[in-house]
Amino acid sequence: TKLNAEINDLKAKEETLKHWNKSLQDEIAKLKSFSEAGEDDKTFKKSLFKVKYDEEVAPCVQDELFQALRLFIMEYVKAEGIDEEKGMNFFKRLQTEAFFSCHPNEILNEIQYVAQRLWTTDLKLCNGRTLYSILNEV
């Protein structure tokens, strides 16, 4: 039912928020250590970007990618004061384009190509913004 779906969605959001809260606390500690670094320590190899890039684990299955995308879009539209239905419609259009423009093997086994197609799509949210422009802004 719709209520069970909403409950499951809220539970998933709660787990995501718990994870993000812990991650943010870890990030604060890392930022403090980076801000205190001397000039000799400011190299790309020691940069926060490089550290974060090396820590990240890319999604390996499509549901991880699409869940993250959906949550991201819904948070964005909420922050921008855009109707959630329009945000969900944008997500569904992105998802549909990804599924119909990718080879089935990409959807199942090579999710990085699906992410690349999403990044480069020209589909726009109701405010005229593409996904890549929203990601760049954020």
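## Charges and rings in a predicted model

With a relative accessible area of 44%, Glu137 is partly exposed (buried means under 20%, exposed over 50%, and partly exposed in between, using a 1.4 Å probe and protein chains only). Keep in mind that this is a predicted model, where local features need pLDDT of at least 70, side-chain atom pairs count only at pLDDT 80 or more, and totals for chains, interfaces and linings use all residues. Residues are numbered from 1 along each chain as its sequence is written, and side-chain values use heavy atoms, with hydrogens and water left out.

Back to Glu137, then. Glu137 makes a salt bridge with Arg129, with the closest N and O atoms 2.5 Å apart (a salt bridge is a side-chain nitrogen of Lys or Arg within 4 Å of a carboxyl oxygen of Asp or Glu). Arg129 counts as partly exposed, at 24% relative accessibility. By this rule there are 3 salt bridges.

Now look at Asp9, which is partly exposed at a relative accessible area of 24%. Asp9 bridges to Lys13, where the closest N and O atoms are 3.6 Å apart. Lys13 and Asp9 sit 4 residues apart in helix H1 (residues 2–35), so about one helical turn separates them. Helices (H or I, at least four residues) and strands (E, at least two) are DSSP runs, numbered from the N terminus. Asp9 also forms a salt bridge with Arg70, at 3.1 Å between the closest N and O atoms. Because Arg70 lies in helix H3 and Asp9 in helix H1, this pair ties together parts that are 61 residues apart in sequence. Arg70 is buried, with a relative accessible area of 18%. Put together, Asp9, Lys13 and Arg70 are linked in a network of salt bridges.

On to the rings. Rings of Phe, Tyr and Trp (its six-membered ring) pair if their centres lie within 6.5 Å; planes under 30 degrees apart count as stacked, over 60 as edge-to-face and the rest as tilted. That rule gives 3 aromatic pairs. Phe66 and Phe91 have ring centres 6.5 Å apart and planes at 75°, so they are edge-to-face. This pair joins distant parts of the chain, with Phe66 in helix H3 (residues 62–80) and Phe91 in helix H4, 25 residues apart. Both Phe66 and Phe91 are buried. Phe66 and Phe99 are stacked instead, at 5.3 Å centre to centre with 15° between the planes. Phe99 is partly exposed, at 33% relative accessibility. So what do Phe66, Phe91 and Phe99 form? One aromatic cluster.
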